[in-house]
Amino acid sequence: MGEDAEQLLRIIALSSVRSRIGVGDDDVVLNGGRDIGSSGFEACLVTILRVSAFRTAGPRDGPWHSGLGPVLARTGHLARAVEQAYAVADEEARGKALLTLVKHTVVAGRYAQAQALAESIPMPPFQAHGLVMVAEGWARAGSREKASALVEKIRFPHLRARALALMATAAADAGDYRRALALAARAEEASEDTPDLPAKADVLVTLMKVVGTAGDDIWAEALADRVEDFARSRWSGISQGDWVAQRVLAAVLASEARRGELTRLDALLGSSARSPLDAGTMAVVADSLAGSAGKELLVALADRAEHLLADRRNAFGLADLRSHVMRLLVRAGMPDRAETLSRSLDDPVLGMVEALAAGGDLRAAEETARSIGNPDRRERALLEIVSQSARMGDTDRAEAAAKQLGDTAAGSHAWAQVVEAYARKREFTRAEALARAIPHRSYQVRALVALAKVLPPREARRLAARAVCLEDWTAVRHLLDELAPSSVCALADAQPRRKSLRKRTWNASAIG
């Protein structure tokens, strides 16, 4: 639709605005559609969305894949969304689609509808996963009895344990530590019945955090010991453990490190036997703490990580860990140590630029980037500087780096990030001016949508309309809840229908 986007904006705005307020002056909608929707009328955007939907071919694999299902669920049209999900041919994909609807219905606070849908799912594993989501929702809403009753319907032990662990987390978050500890005890007991050891380890990690928050440090340490035992049992004995073991062990080590407790980490590093603490696990720990740890902890982690880097038995994941350690050292104010580590990289200068930028030393990153002669590598370095500058809110520095990228795709990518940074700072006029100047259409759409998310509805509808005309209606589907909820059913009607593969098995009146 992009080639006639501006003309389409003019035509639709004229017809829509005139029909609603009787405007007779074409100047209302000139200037590239800038004034479209300025009156705040949702009808302008709805008209554009409907035109786009009928001009855009529907997805070959059915209406669910248009992405409208979750939006239908969030805007109160759950029965329509369920029809789309049941039209998915593959059984596993169909189950995942239904779980997506349960999730979005819970997020919208419609717990009774979510429960009715979850209970209607004909595939037992997916039904159980849905009941877990709803039980957590009821618990966070303060409906303890309903949550507890739902847990009794979950027949899979590992999922029952997970539901109880999530309910315990909700209680701890609400400050009800007595209930949190009681639920944690039930969850731990339920986890004993499951043969699914990775799922059990995940539950134990969740419970460790709950009981630690509730003040029972002895219990938390005992749970951490059990997670460590699991990680050791999964160790391959050759070069690496599996990703589940890495993830849960990293969660334990990071949780303890936040409290300044490094005893377990040191014991694993000093173990003479094969240790489940490999470079990949340590990289996850470093990444999870890099943004929140103080200088003392950053240095302590870097020292211990360098111990792993020196151990050639831990070859798997060394490059990733080295990058994380360099960022830790930059954040700790030790760029010289980071530069020493960079010498073993394939591209030391680019690696140093990325570490300096990610570590927050943007001035040094810029100076280092100037020494890169290779155009492709220099482009990567500038993009990293833009990304980190934008993340930190340094829009002047981000703009300066983006200008050096020119009108390339990388340049458009950079400017989209700059727009997002200005939007976060609520400098909307500057953000829109930059967004409209982005030469590559897809990145301009990304920038417009990011800006529309934070603008008041009237202005957001104007930018959403432009994004639709540059691409199509799917570009703004995540904004429809707020900007054009009345368009959702019309958009669903425009999608090609596929007959449901099953007879209706849900209570339509309960779902709504």
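The model is predicted: local features need pLDDT of at least 70, side-chain atom pairs count only at pLDDT 80 or more, and totals for chains, interfaces and linings use all residues. Residues are numbered from 1 along each chain as its sequence is written, and side-chain values use heavy atoms, with hydrogens and water left out.

**Exercise 1.** Determine which residues of helix 18 are buried and what they pack against.

Solution. Helices (H or I, at least four residues) are DSSP runs numbered from the N terminus. Buried means under 20% relative accessible area, exposed over 50%, and partly exposed in between (1.4 Å probe, protein chains only). In helix 18, residues 335-342, the buried residues are A338, L341 and S342. Seen down the helix axis, they fall within an arc of 105 degrees and so line one face of helix 18; the arc is that of the directions from the axis to the C-beta atoms. These residues pack against helix 16 (295-309), helix 17 (318-331) and helix 19 (348-358), where contact means heavy atoms within 4.5 Å.

**Exercise 2.** Describe the surroundings of Q388.

Solution. Q388 lies in helix 21 (residues 375-392). Its relative accessibility is 12%, so Q388 counts as buried. Leaving out residues up to four places away in sequence, Q388 touches A357, A358 and L362. The Q388 side chain also makes a polar contact with the side chain of R391, at 2.8 Å (a pair of N or O atoms within 3.5 Å, where within protein one must be able to donate a hydrogen and the other to accept it, and residues adjacent in sequence count only if both atoms are side-chain atoms).

**Exercise 3.** Locate R426 and state its phi and exposure.

Solution. R426 is in the loop between helix 23 (409-424) and helix 24 (428-436). Phi of R426 is positive, about 65 degrees, although this residue is not a glycine. With 54% relative accessibility, R426 counts as exposed.

Technical notes
Helices (H or I, at least four residues) and strands (E, at least two) are DSSP runs, numbered from the N terminus.
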